[in-house]
Amino acid sequence: MTAETSQTLDRGLRVLKLLAETDHGLTVTELANKLGVNRTVVYRLLATLEQHSLVRRDLGGRARVGLGVLRLAHQVHPLLREAAMPALRSLAEDVGATAHLTLVDGNEALAVAVVEPSWTDYHVAYRTGFRHPLDRGAAGRAILAGRRIQDGAAGAAPDEGPSGCVTTEGELEAGASGAAAPLLGVAGIEGSVGVVMLAGRVPDRVGPRVVEAAAEVADALR
């Protein structure tokens, strides 16, 4: 801690991070042990966070993340879109296909930013808010590939090319193919960057460009 930082705020944020990392919640004693403070401090932190709906306590007294965190999260998507747009726009123009940023939302992939190319006669209509299962479509499969990379799993997925780009054909829409690469090294965010195109097979040149764009977006979000 430095003179310019708040110890109380730091502890409150640490509480939120600890609760976000568990599915079953934590008791006051468990939080006190993890933070290295006494129970009275934890009670005060939880009471303050509860007032803002950032924390809730169940009947057994275990603290969990509150619904107020979800309301804050909804405001994140516009910030992510703004940061990702330059790389997505460049990708769409270079490849001549609809580019998108897709994030995890529960068990689904959710498109939060979409850019269509300006110079093509035809392209796939892919809208912000479009959802699909994580195990279908290049965007979702790339996110799963990113999880394997983060977990240190060896080997590539069957649909993952040598460039690290995942490609699919006709999984979400007949006659359309997709290519996507995971966002890597962005704390707290699971997502992918990709393109959707009217083609039976994704051209070889597209994969490396998608991987490059994913790296650009990841840099913008760090």
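I call a residue buried under 20% relative accessible area, exposed over 50%, and partly exposed in between (1.4 Å probe, protein chains only).

**Ground rules.** I am working on a predicted model, where local features need pLDDT of at least 70, side-chain atom pairs count only at pLDDT 80 or more, and totals for chains, interfaces and linings use all residues. I number residues from 1 along each chain as its sequence is written, and side-chain values use heavy atoms, with hydrogens and water left out.

**Overall.** I looked up the secondary structure and found seven helices and eight strands. Helices (H or I, at least four residues) and strands (E, at least two) are DSSP runs, numbered from the N terminus. The C-alpha trace spans about 65 × 35 × 30 Å along its principal axes. The chain has 222 residues, and 41% of them count as buried. I then checked contacts, meaning heavy atoms within 4.5 Å. Among those with a separation of 6 or more, 51% join residues 24 or more positions apart.

**Salt bridges.** I searched the whole structure and got 13 salt bridges. My criterion is a side-chain nitrogen of Lys or Arg within 4 Å of a carboxyl oxygen of Asp or Glu.

**Glu 116 and Arg 127.** This pair forms a salt bridge, with the closest N and O atoms 2.9 Å apart. Both residues lie in the loop between β4 (108-115) and β5 (131-133), so the pair ties together parts that are 11 residues apart in sequence. Glu 116 is partly exposed at 33% relative accessible area. Arg 127 counts as exposed at 51%.

**Arg 141 and Glu 171.** I find a salt bridge here too, at 3.0 Å from N to O. It links distant parts of the chain, 30 residues apart: Arg 141 sits in helix α6 (residues 138-151), and Glu 171 in the loop between β6 (166-169) and β7 (177-182). Arg 141 is partly exposed, with a relative accessible area of 25%. Glu 171 is also partly exposed, at 23%.

**Asp 204 and Arg 201.** Their side chains meet in a salt bridge, 2.9 Å from N to O. I note both Asp 204 and Arg 201 as exposed. Elsewhere, salt bridges that share partners join Asp 94, Arg 209 and Glu 212 into one network.

**Charges.** I took Lys and Arg as positive and Asp and Glu as negative, leaving out His and the chain ends. Each charge is placed at NZ of Lys, CZ of Arg, CG of Asp or CD of Glu. The chain holds 23 positive and 26 negative charges, and their mean positions are 9 Å apart.
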